[in-house]
Amino acid sequence: VTCALEKGPTIKGYYGGINKYIIDSLYYPEEALKKNIQGIVDLSFSISKEGKLREIKILSTPDSLLSNELIRVLKSVPVWYPAMEHNRPVDHTQILKIPFYKSGYIPFGQIP
């Protein structure tokens with residue numbers, strides 16, 4: 001029997017969740033700007049029930065410059081609280097789509 005997740009992993013001492021953390025921490029790589037590299041990076045990452053970042057997988061990327069920047073941001077999270085299910089910490093894998101577009105502003109989470 002699979003139960004609904006009560007609470008996903010969160011960042012200790014940081015309010016706004018992983019989406020806000022990425023927005024606040026992400027830089028468009030200068031070399032990617034110069035080469036006009038744009039697009040969406042699909043990735044998944046796992047947080048263990050001990051609150052450790054265990055695995056980052058790039059599912060698709062227009063270029064490694066963009067995916068490497070996302071990996072840097074995820075690895076910069078100081079401390080994770082694990083996901084909770086039935087008041088117990090559980091391993092959890094999360095999937096994100098992160099847009100990188102240099103002309104015009106596309107709000108985070110809105111895929112064109």
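Two strands pair if DSSP finds at least two bridges between them, and in this predicted model strand β2 (residues 39-47) and strand β7 (residues 92-100) pair in the antiparallel sense over 9 bridges. Helices (H or I, at least four residues) and strands (E, at least two) are DSSP runs, numbered from the N terminus. The protein chain has 3 helices and 7 strands, and along the sequence they follow the pattern β-α-α-β-β-α-β-β-β-β.

Residues are numbered from 1 along each chain as its sequence is written, and side-chain values use heavy atoms, with hydrogens and water left out. Because this is a predicted model, local features need pLDDT of at least 70 and side-chain atom pairs count only at pLDDT 80 or more, while totals for chains, interfaces and linings use all residues.

**The chain as a whole**

- Of the 112 residues in the protein chain, 32% count as buried; buried means under 20% relative accessible area, exposed over 50%, and partly exposed in between (1.4 Å probe, protein chains only).
- Take the contacts (heavy atoms within 4.5 Å) between residues at least 6 apart in sequence: 70% of them join residues at least 24 apart.

- Strand β2 is mostly covered, with 8 of its 9 residues buried.
- A hairpin is formed by β2 and β3 with 5 residues between them, and Gly 51 in the turn has a positive phi of about 85 degrees.
- Ser 46 belongs to strand β2 and is buried, at 14% relative accessible area.
- Across in β7, Thr 93 is the residue opposite Ser 46.
- Leaving out residues up to four places away in sequence, Ser 46 touches Lys 52, Leu 53, Arg 54, Glu 55, His 92 and Thr 93.

**Helix α3**

- The 12 residues of helix α3 (residues 64-75) reach 16 Å from first C-alpha to last, close to the 16 Å expected at 1.5 Å a residue; the expected span is 1.5 Å times one less than the number of residues.
- Buried in α3 are Leu 66, Ser 67, Glu 69, Leu 70, Val 73 and Leu 74.
- Seen down the axis of α3, these buried residues fall within an arc of 155 degrees, so they line one face of the helix; the arc is that of the directions from the helix axis to the C-beta atoms.
- As background, an α-helix has 3.6 residues a turn, so residues three or four places apart point the same way.
- What do the buried residues of α3 pack against? They pack against α1 (17-25), α2 (30-34), β2, β3 and β7.
- At the start of α3, a side-chain oxygen of Asp 63 comes to within 2.8 Å of the backbone nitrogen of Leu 65.

- Ser 25 sits in helix α1 and is buried, with a relative accessible area of 16%.
- A polar atom of the Ser 25 side chain lies 2.9 Å from the backbone oxygen of Tyr 21.
- Setting aside neighbours within four places in sequence, Ser 25 is in contact with Glu 69, Arg 72 and Val 73.
- Gln 38 is found in the loop between α2 and β2 and counts as partly exposed at 28% relative accessibility.
- The side chains of Gln 38 and Asn 36 are joined by a polar contact of 3.3 Å; such a contact is a pair of N or O atoms within 3.5 Å, where within protein one must be able to donate a hydrogen and the other to accept it, and residues adjacent in sequence count only if both atoms are side-chain atoms.
- Gln 38 and Pro 62 are 24 residues apart along the chain, with 6.8 Å between their C-alpha atoms.

**Aromatic pairs**

- Rings of Phe, Tyr and Trp (its six-membered ring) pair if their centres lie within 6.5 Å; planes under 30 degrees apart count as stacked, over 60 as edge-to-face and the rest as tilted.
- By this rule there are 3 aromatic pairs.
- One of them is the edge-to-face pair of Tyr 28 and Phe 100, at 5.5 Å centre to centre with 90 degrees between the planes.
- This pair links distant parts of the chain, 72 residues apart: Tyr 28 is in the loop between α1 and α2, and Phe 100 is in strand β7.
- Tyr 28 is partly exposed at 21% relative accessibility, whereas Phe 100 is buried at 2%.
- The rings of Phe 45 and Trp 80 have centres 5.7 Å apart and planes at 40 degrees, so this pair is tilted.
- Phe 45 lies in strand β2 and Trp 80 in strand β4 (residues 80-81), so the pair ties together parts that are 35 residues apart in sequence.
- Both Phe 45 and Trp 80 are buried.
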